[in-house]
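Hi,

Here is the structure I promised to pass on. Please have a look at it when you get a moment, and then read my notes below.

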Amino acid sequence: MMANFPGNVRPSPLAILLIAIGTIAMLFYVFHTPSMKSNYRYVSMEELLTASIDLAMKGGNVVKTIRNENHLDQKSKGKTLEGANDPLTAGDTQSHIAIVNGFRKLLPQLNVVSEEHDISAVDVPSPSYKSSVIHDLIKEDQMVLNKDITVWVDPLDATQEYTEDLTQYVTVMVCVAVNGVPTIGVIHKPFVDETYWAWVGHGHSPNLDYPPSNRLLSLPADPKIIVSRSHAGSVVVTAKKSFGEKAEVIPAGGAGFKVLSLFTGTADAYIHTTLIKKWDICAGDALLRAMGGKMTTLHGQDIDYGNKDQPKNEDGLVATLSNHEEYRKKLVEV
């Protein structure tokens, strides 16, 4: 492309250089930037998975930086049902902005539900939506109607532990539900830079694996039950009555951490007996489904993630990789 100048005007060498650079950049963008398959009506699940991973990591970077610099700006939302403080930090809000605004920039039609509610129109970089690594790991792409998708975001899980500098419990989570069913889950551990993801029926991250099989074949005599730190005391009594005196109760922070503990073999079952929000559990539910596990309410019902106006799961939960009904029934009997 050549610029035309009047006969009496001679462009400077700098102007010619700038025009040449601009032309090359435009041609590179047109011919080398991969176009999105997603549009206003349909969403590519591969692109959405890739973007979800990228945004969870971006949120995690914010969370880590704020904690390391000790700029938490801590406030309180009030009390939880267990009477514990429910804190809010700059890590929560800034991670929320990075993730939610990133989704809005890439796919403005998406229905995104986040634990936090800051709607600041802060400009953020567009997330990556193409990855040859992810493309090679999944079986095939799938186009899904936008109206059938709900994205659940927990920009900082285990905020209380975050304020106590117990960073091993902290995760950032993104979940994609299709018609209310958790389909894509991403759990990112920012302080060790580990990301676990799965797309049900299509593939999962290589680091998502099963614990030793001897604890999966049947319900062990000494089951390890992981529960919330905020009400571990009351669950100890229930666990001992349900599973026997050999049962070990492990207090821990963060729903994301607890689900991942099932894959590492740290725990055999994750039990929560009170209200819990869906952004806390949707990603973990998706990971379990992808690997043959299960998460249900204490009554054995699947949890519906389709209605953004109903973020509460009030019926507790049981999550396992195997022997789900045995754990659940023993618990319910007590």
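This is a predicted model: local features need pLDDT of at least 70, side-chain atom pairs count only at pLDDT 80 or more; totals for chains, interfaces and linings use all residues.

Residues are numbered from 1 along each chain as its sequence is written, and side-chain values use heavy atoms, with hydrogens and water left out.

Helices (H or I, at least four residues) and strands (E, at least two) are DSSP runs numbered from the N terminus, and two strands pair if DSSP finds at least two bridges between them.

Strand E8 (residues 181-189) has 8 of its 9 residues buried, meaning under 20% relative accessible area with a 1.4 Å probe, protein chains only. Ile-187 of E8 stands opposite Met-173 and has Tyr-196 in E9 as a bridge partner. The E7-E8 hairpin has 2 residues between the strands, and Asn-179 there takes a positive phi near 50 degrees. In the E8-E9 hairpin, with 4 residues between the strands, Asp-193 takes a positive phi near 55 degrees.

There is also an open sheet of 5 strands with mixed pairing, in the order E12-E11-E13-E17-E15. Its edge strands are E12 (248-252) and E15 (294-296), each pairing on one side only. E15 runs antiparallel to E17 (residues 317-320), joined by 3 bridges, and Lys-294 stands opposite Thr-320 in E17.

Best wishes

Notes. Buried means under 20% relative accessible area, exposed over 50%, partly exposed in between (1.4 Å probe, protein chains only).
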